[in-house]
Amino acid sequence: MKRGFIFLALAALVLAGCQGSGSQQPKNDSPFLGGTQAVDVAFFENEPPAHILDNGQESFFITLLLKNGGEFTVPANGLIASLSGIPQASFGLRSLNVVNAREIIGASKELDLVQPGSEESLEFGEAKYTIDIPASFTTQLRADICYTYQTKAVANLCLKKNVVGRKSVNDVCDVSSPSVALHNSAGPLQATDLRQTSVGTNRIKLSFKVKNMGTGAFYEPGAFTNICAGQDTVKDMIKVTLTSPERAFTVECSQLNNKNSGVVRLVNKEKDITCTIDTTGLQDVTFQNLLLVQMDYMYRTAVVTQLTVDNAVA
C-alpha cells in the first residue's frame with residue numbers, strides 16, 4: 001500500500017470521526033481491507049505427485065505455491081520453508097530448506113480500489129528416490145513455513161489538555177469511551193477492544209488486547225533465518241509499537257517497560273496492554289488524533305501431503 005494513500009485514508013478517518021459531538025461511534029469505513037489472512041501456502045499441483053517409483057527411475061519436483069492475502073509485503077529472504085518426513089539423501093534433494101528470492105507483495109486498498117496480493121512459487125528442485133526397496137511404502141511430506149509479517153491498527157483518540165474538566169459545547173468527542181473503533185490491516189494478529197478513560201487531570205489511560213486470530217504460531221521478529229524449526233524460547237512473542245503519526249503525543253505502556261515499543265508474550269493466544277498519554281502539552285479544546293498500533297512478528301504454518309514410493313517391477 002502506498003504511503004500517500006495510507007495517510008489520506010487515515011486523515012479521512014479522523015475527519016469522519018470529528019463530525020458531530022458526543023461519544024465516539026464505531027465506523028464501518030476503514031483504510032484497510034481487514035481480515036485475518038496472511039500468506040496462504042499449498043503444495044503445487046502434482047509437485048510432488050501422489051506416487052513415485054523407487055530405484056531412481058522417476059524424477060519429480062517439490063514446489064510450494066504462496067499467495068499473500070494479507071496487507072504486508074513479505075520481503076525477499078523473509079520467508080523460509082523447511083521439509084521434513086523424508087530423508088534428504090535418499091531423495092537426492094540439494095537442500096531441505098529454501099528461502100524466497102523475491103518479495104511477496106501484500107494486498108492493498110487505495111480508496112475503493114482493491115489490489116490482490118501476489119502469488120509466488122518456492123521450489124525445492126528436482127528429486128528422485130534412489131533406493132531399491134522390496135515393497136512400496138507411504139510417508140508424510142511436511143513443509144513448515146516461517147515468515148516475517150506485520151499488522152497495523154489505527155484508531156481516533158479524543159484528546160485535550162484537561163481531561164477531567166467540564167464538557168463544553170465545543171467538544172467534538174468524549175475523552176472517556178468504553179469502546180473506541182480500531183481498524184486493523186489484514187493479518188493473523190489483531191488489536192481489539194480499545195478503551196479510553198481519563199485517570200487524572202492530564203492523563204489518559206488506554207487499554208486493548210492483541211489476539212492470535214489465526215491457526216498458526218507467532219515468534220519474535222528475526223527468530224528464523226535459514227531453517228523453519230525450533231526457536232521455542234521465543235514462541236508467542238511479538239513486538240508492539242504505539243505511535244502518533246502526527247507526533248501529537250507520546251505513549252507509555254506498562255507491559256512495554258514504560259516505553260512505547262517492546263516485546264510481549266501471548267498467553268492463551270492473547271495479551272492485555274495498558275498505556276497512558278500525558279496531555280499536559282495539548283490544547284484546551286478537544287480534538288481527535290490518530291493512534292497507530294504496529295505489531296511485528298514471524299508467523300509459522302505448515303502443510304502436509306502423502307507421498308507413496310512404489311516398488312518398480314523389474
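Are C158 and C173 buried or exposed? In this predicted model, C158 and C173 are both buried. Their sulfur atoms lie 2.0 Å apart, and the two residues form a disulfide. The pair links distant parts of the chain, with C158 in strand β9 and C173 in the loop between β9 and β10 (177–180), 15 residues apart. Because the torsion about the S-S bond of C158 and C173 is about 80 degrees, the disulfide is right-handed.

| Disulfide | Sulfur–sulfur distance |
|---|---|
| C146 and C228 | 1.9 Å |
| C158 and C173 | 2.0 Å |
| C253 and C275 | 2.1 Å |

The link of C146 and C228 is right-handed, with 65 degrees about the S-S bond. C146 belongs to strand β9 (residues 137–159), while C228 sits in the loop between β14 (217–219) and β15 (237–243), so the pair ties together parts that are 82 residues apart in sequence. Both C146 and C228 are buried.

The cysteines C253 and C275 are likewise buried. This pair links distant parts of the chain, joining C253 in strand β16 (residues 251–253) to C275 in strand β18 (residues 270–278), 22 residues apart. Here the torsion about the S-S bond of C253 and C275 is about 95 degrees, so the disulfide is right-handed.

When bonded cysteines are counted along the chain, the disulfides of the protein follow the pattern 1-4, 2-3, 5-6.

Definitions and conventions: Residues are numbered from 1 along each chain as its sequence is written. This is a predicted model: local features need pLDDT of at least 70, side-chain atom pairs count only at pLDDT 80 or more; totals for chains, interfaces and linings use all residues. Side-chain values use heavy atoms; hydrogens and water are left out. A disulfide is a pair of cysteine sulfur atoms within 2.5 Å. Helices (H or I, at least four residues) and strands (E, at least two) are DSSP runs, numbered from the N terminus. Buried means under 20% relative accessible area, exposed over 50%, partly exposed in between (1.4 Å probe, protein chains only).
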